[in-house]
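Dear colleague,

Please find below the structure I promised to pass on to you. My notes on it follow directly after.

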Amino acid sequence: MTKRFGGLTALDGVSLDIARGEFFGLLGPNGAGKSTLMSLIAGLRAPDSGTMTLDGAPLSVAKVDTRKALGLVPQSVALYEELSAEQNLKIFGALYGLRGAALGARIDEALAAVQLADRRHDPVKQFSGGMQRRLNLAAALLHRPKLLLCDEPTVGVDPQSRNAIFDFLERLNREGLTVIYSTHYMEEATRLCSRIGIIDHGKILAFGTLDELLAQLPFEDEITFPATEVTAGLAPRLAALGSVSSSRDLHRFRPHAGTRMSEFYALAEQHAVPPRLLAHERPTLEALFLHLTGRTLRD
Amino acid sequence: MRILLTLVRKDCANFLRDKATLSITFLVPIALIYIFGQVFGINRKDSGPSGIQLAVVNESRDPAAQKLVEALAAEKAFRLVTTRAGAGPAAPPLTEQDAQALILDNQLRFGVIIPRDLIREDAIGVRLKILSNPRNEIEAQMVHGLLQKAIYSSVPELLGRSLIERARQSVGGARMDRFAEALATSITNTFGGDRDAIQRRIESGDFGLSFLQRPAATRTGTNSEPSGSTSPLAGLVGIETQQVVGQQVKRPEATRVVGGWAMMFLLFAVSGSAAAFFDEKKTGIFQRLLAAPVRRAHILWSRFLFGTLLGLVQLTALFFAGRVMYGVDIFGNFWNLAVVCIAAGAASTSLGMLIVSFTPTSAAAQGVATFVVLTMSACGGAWFPISFMPEFMQQFAKFTIVYWAMEGFSQVLWAGQSFVQILPTVGVLAGITAGVMAIAIWRFNRGRLFE
């Protein structure tokens, strides 16, 4: 799919195939195109080119009924804060055609799942940020969608609430719910997602399971150490073992394939570099993310 | 001191960036100052009301009656209607029945009948009849004052004629002619002057009674007793005032006032309701709604229906408060009142949505709404009769929702009109609603509210 806003190409030929029951993570920096992609899938916007299907049925802005199969957890707390938790859920449930006892049962179930049953009659504005986020999630699940779209649903949430949200989402996924989870938190993607797509500048840069993604890193380990008088002799000697990139106050060493790290440490010992100055990093999603998307600040 | 100045600079920067506050601080008061300035005639050569349509029925063949008509025509407050509309260049003159029908039909609110027997035969003096629909008391009092001024400025001549006519009846025409000739000769011999001219003045009743030109107070009612004022003319000029519309209204003052204030606050309420769109966008509720089986049209029309319902409930509640506090009769014509309230609510809601569709933020929408609502209330007749304003502003008033809502309330509560009679007014409000909503929806579909 391609989506442009004036002269800006927000999505540039993105193509994805997500399996039923998958927990798919969409990872990207600010402005990468995550929210645009989510909004296209949710039917909030129409792509300039391309199509989407859900279980073979086309998804589009015009096909309102197909949206019953989707649930969206927006980035912000999209709730009526003057109304109670129960009133909010009644409104959002009714929009999906739920009525009467069935709606009541779903509300009971959803509030229990997000641990807000005892606060059902309280206005949302009296809830903490974490409670609001949990209710935000519950509102998207009342109608039991096939596909849940979570657009950075844990922004500004305390660790306890975040953990509760993760547990809940993992349980739902185990029960068969397909989830597309947009985030820029590596630990969230690492913990939750069975497959991850890294997106930047409107393009999918990498796509696969965590192991598949890490294998794409052109290095396995990385050692950084400060650029000081103590380490001045070491850096020039490392070229035989790997690549060194140096900035004014930091050296970054990445070994060639087949190089044993013991060779590096032996060389460091020869140059009397104390081990405490050496920071050894294993390959991580964040390293891959930064490798693919760069270190330039994003607005 | 530097800290103090830095903080002041911060306040200035914030103030200048807040267009809503800027609008309320400067634009709204300037607009209201202008409107009130026009009402009170500041910088206007011709202060006072203008353009009030006045039906004039001249049944008298007396030349003095024509002079009275000319005096009324010269009064800048009035625009005379003397012939039936739409009857072409040879339109027949109005009859009293025509004038009453025009007033009942709310096409105009005042009329003067100059009867065939303008000059009384049974006594010395003249008689006139004023028809009125005093739905706005301030306007009615002012119009009556202006009418009396015009009439009394013409009356001395009429009184003289009345005296002569009365004398002719008493002593006979030939004797009266000889009397006038003898009197003119006597005056000429004693004081000098042109005998023929003096005789003509005596025969035409010109006795120099202009010192009597002092307006008398009037009173309304359907009786035909002379005006009970202390003016020297009170006993000589019989003004019959007939209230054509609203005789049955028990609390006329409250009936007139409640609608105007109710409309103004309705406009504020529905504008605020429409501005809530911005909050829903900001909180992501639009995203959630549009990700559900909900179309943009559902969101827009649900807000329109809510605004209309709010209008009905708010206006009804305020009129009910008027009934409780001042005895305004809202149940006498309740269902038609409800129809007008729905039409006014719908039109006001559409205006609120139009404002939101053209503004980028909630604060901007509130600022524009404050300006539009106050200006429209002032111009549309919610605060004072529009006849107090210059004619171009009176014409502008007809483009406002407040004007047509006030017309509707007046028709229902003051004139007790039927559903069929209020249909044109309701139709105008419905037309405004349709037109404004069409523009608003066009703007919403092109704007960024749902992005």
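What distance separates the centres of domain 1 of chain A and domain 2 of chain A, taken over C-alpha atoms? In this predicted model, the two centres lie 40 Å apart. Domain 1 of chain A is made up of residues 3–79 together with 128–214, while domain 2 covers 222–282.

Turning to the sheet, four strands of chain A form an open sheet with antiparallel pairing, and their order is β12-β13-β11-β14. The edges are taken by β12 (242–246) and β14 (279–281) of chain A; each has a single partner strand, so one side of each is left without a neighbour in the sheet. On average, and with direction ignored, neighbouring strands of this sheet are turned by 20 degrees against each other.

As to the contact between the chains, 17 residues of chain A meet eleven residues of chain B. On the side of chain A that touches chain B, the elements giving two or more residues are β6 (70–73) and α2 (85–95) of chain A. By class, that side of chain A consists of eleven nonpolar residues, three polar residues and three charged residues.

With kind regards

Notes
Residues numbered from 1 in each chain as written. Chains lettered and ligands numbered in written order. Predicted model: local features only at pLDDT ≥ 70, side-chain atom pairs only at ≥ 80, totals over all residues. Pairing = 2+ DSSP bridges. Axes fitted to C-alpha atoms, helices over the stretch in contact; angles between N-to-C directions. Domains from an automatic or database assignment. Contact = placed C-beta atoms within 7 Å. Nonpolar A, V, L, I, M, F, W, Y, C, P; charged D, E, K, R; others polar.
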